[in-house]
Amino acid sequence: MKLRNVDPRKISVPDVRVTSVFDSELLQEFKASIKELGILEPPVCVDDGENLYIVDGLHRILEAIESKTKLIQVAVVDGTIKDVLIQNLSLNNLRGKINPTDTARVLKVLFDEQGMGVDEISKKTGFSEDRISKLLYISRAVPGVLSALDDGLIQLGHAFLLSKIEDKEVQDRVLAQQLIYHFKVSDLAQH
């Protein structure tokens with residue numbers, strides 16, 4: 001890993017990625033901290049030879065762009081887009097709240113487009129094979145299920161069961177019932 005000074009506007013953001021979620025109060029504190037102290041921990045990027053992709057530190061990069069900072073120090077490793085996605089999953093999973101559907105989209109790209117198996121993704125990211133399998137299945141759910149999961153209205157187990165319903169209209173209808181009655185996962189399975 002090398003440290004490099006880079007124009008933050010020249011750092012590419014992958015189409016799919018996970019990003020830590022801040023509530024508005026914490027985000028304001030984060031911005032104030034960056035304004036007062038600067039960026040204390042360099043964002044992590046992968047250089048694929050053509051592009052410099054952000055792996056970890058998107059909020060820091062965006063804050064640097066917003067404050068019109070010309071150069072920031074970033075930690076750079078050589079790699080591929082596959083490395084970007086794996087490292088992004090691993091690092092952001094350790095940082096706090098991330099949207100499960102963002103995680104599902106990244107896993108789907110690793111599985112479908114990068115040809116990685118569930119076991120390989122598990123070894124590289126630290127996610128359990130069961131969680132990866134469930135998130136891959138959930139990635140096919142109707143938009144309402146995905147939104148409810150990200151908003152914390154249903155749990156991963158609920159979303160997994162709902163995503164197993166083949167008929168999308170029925171999936172939406174059962175989701176509406178779940179949002180009204182707040183079934184436990186086991187009760188939803190029976191329902």
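The largest nonpolar core in this predicted model has 17 residues. Six of them touch the most other members: Leu89, Val106, Leu107, Leu110, Ile121 and Ile132. Where does this core come from? Four helices each supply at least two of its residues: α3, which runs 81-95, α4 at 100-113, α5 at 118-125 and α6 at 129-138. The helix that gives the most is α4, with five residues.

Take valine 106 as an example. Setting aside neighbours within four places in sequence, Val106 is in contact with Val16, Arg17 and Val18, and also with Leu85, Asn88 and Leu89.

Next, a helix pair. At what angle do α6 and α8 pack? The answer is about 50°, and their axes are 9 Å apart. Helix α8 covers residues 156-163. An angle between 35 and 65 degrees counts as oblique, so α6 is oblique to α8. The crossing of α6 past α8 is left-handed.

Which residues make this contact? From α6 they are Arg131, Lys134, Leu135, Tyr137 and Ile138. From α8 they are Leu156, Ala159, Phe160 and Ser163. By type, the residues where α6 meets α8 come out as six nonpolar, one polar and two charged.

Terms used: Residues numbered from 1 in each chain as written. Predicted model: local features only at pLDDT ≥ 70, side-chain atom pairs only at ≥ 80, totals over all residues. Heavy atoms only, no water. Core = buried A, V, L, I, M, F, W, Y, C linked by side-chain atoms within 4.5 Å. Buried < 20%, exposed > 50% of the residue type's maximum accessible area, 1.4 Å probe, protein only. Contact = heavy atoms within 4.5 Å. Axes fitted to C-alpha atoms, helices over the stretch in contact; angles between N-to-C directions. Parallel < 35°, antiparallel > 145°, perpendicular 65-115°, else oblique. Left-handed = near helix turned anticlockwise from the far one by under 90°. Nonpolar A, V, L, I, M, F, W, Y, C, P; charged D, E, K, R; others polar.
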